[in-house]
Amino acid sequence: MSLLSIVEIPDPHLRLVCEPVAAVDDEVRTLVADMFETMYAAHGIGLAASQVGVIRRVMVVDLQERETEEEDAKPEAKRDPHAFINPEILWVSDEKSTYNEGCLSIPEQYAEVERPARCRVKWLDEQGKTHEEEFHGLMATCVQHEIDHLNGVLFIDHISRLKRQMLIKKLDKARKAAA
């Protein structure tokens, strides 16, 4: 496994529609493993292949819920990794939910995004087995966010033009301060 470089806006890879995976093979499994390693190293909960410059319909998600045995104990992340190959949203609920979303390709910037509260998704796993499941809560938000990436859409496309411009200005200012 190896760490991959995460591309940031305005990299054009982020606006490309990803190509379907023809066959789940060792190359795809290696990509999935590298994407998990990269996502964990960046402290993210989701990562799409386009975010590492690979224009294929592959994404990984792990909400890494925190568990504690005792009140004073340091919470440990409980990993529950999910790889999605050729994911497809089959249905979304009329009910909406709002979440303060962020993105590894738009570092340290967040905005309230409204999405369907539930979604049904079909995908292949790393062994090429087909799955179909309904998601809700943060998992539904994250899955929709990452599928957006595979379609060349960023979370900032779901907010007003004014908020998007302000967020990009904040990012530019942070980049200049870091340089």
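## Rings, strands and a pocket

Phe36 and Tyr40 sit 4 residues apart, about one turn of the helix, and both belong to helix H1 (residues 26-41). The model here is a predicted one.

Visitor: So how do the rings of Phe36 and Tyr40 pair up: stacked or edge-to-face?
Guide: Start with the angle, since planes under 30 degrees apart count as stacked. The ring centres of Phe36 and Tyr40 are 6.0 Å apart and the planes meet at 20°, so this pair is stacked.

Visitor: What about Phe84 and Phe135, stacked or edge-to-face?
Guide: These two come from distant parts of the chain, with Phe84 in strand S5 and Phe135 in strand S9 (residues 130-136), 51 residues apart. For the angle, over 60 degrees counts as edge-to-face. The rings of Phe84 and Phe135 lie 6.1 Å centre to centre with 70° between the planes, which makes the pair edge-to-face.

Visitor: Is Phe135 buried or exposed?
Guide: The cut-off to keep in mind is that buried means under 20% relative accessible area. Phe135 has 5% relative accessibility, so Phe135 counts as buried.

Visitor: Which residue forms one aromatic cluster with Phe84 and Phe135?
Guide: Phe84 and Phe135 already form an aromatic pair. The cluster takes in a Trp as well, namely Trp123.

Visitor: How many bridges join S5 to strand S8?
Guide: S5 (residues 82-92) also runs antiparallel to strand S2 (residues 58-61), with 4 bridges, and there Val61 stands opposite His82. On the S8 side (residues 118-124), the strands again run antiparallel, and Glu88 has Lys122 as its bridge partner. The number of bridges joining S5 to S8 is 5.

Visitor: Which element gives the largest share of the lining of the largest pocket?
Guide: That pocket has a volume of about 450 Å³. Among its 23 lining residues, those closest to the centre are Ile45, Gly102, Cys103, Leu104 and Tyr110. Strand S6 (96-103), strand S7 (106-116) and helix H2 (137-150) each supply at least two lining residues. The largest share, 6 residues, comes from H2.

Visitor: And how many charged residues does the lining of the largest pocket have?
Guide: Sorted by class, the lining has 10 nonpolar and 10 polar residues. The charged ones number 3.

Note on methods
Residues numbered from 1 in each chain as written. Predicted model: local features only at pLDDT ≥ 70, side-chain atom pairs only at ≥ 80, totals over all residues. Heavy atoms only, no water. 1 Å grid on protein atoms, 1.4 Å probe; cavity = no way out; pocket = protein on both sides within 12 Å on 5 of 7 lines; lining within 4 Å. Points joined across faces, edges and corners; volume = space filled by probe spheres on them. Nonpolar A, V, L, I, M, F, W, Y, C, P; charged D, E, K, R; others polar. Pairing = 2+ DSSP bridges. Phe/Tyr/Trp six-rings, centres within 6.5 Å; stacked < 30°, edge-to-face > 60°. Buried < 20%, exposed > 50% of the residue type's maximum accessible area, 1.4 Å probe, protein only.
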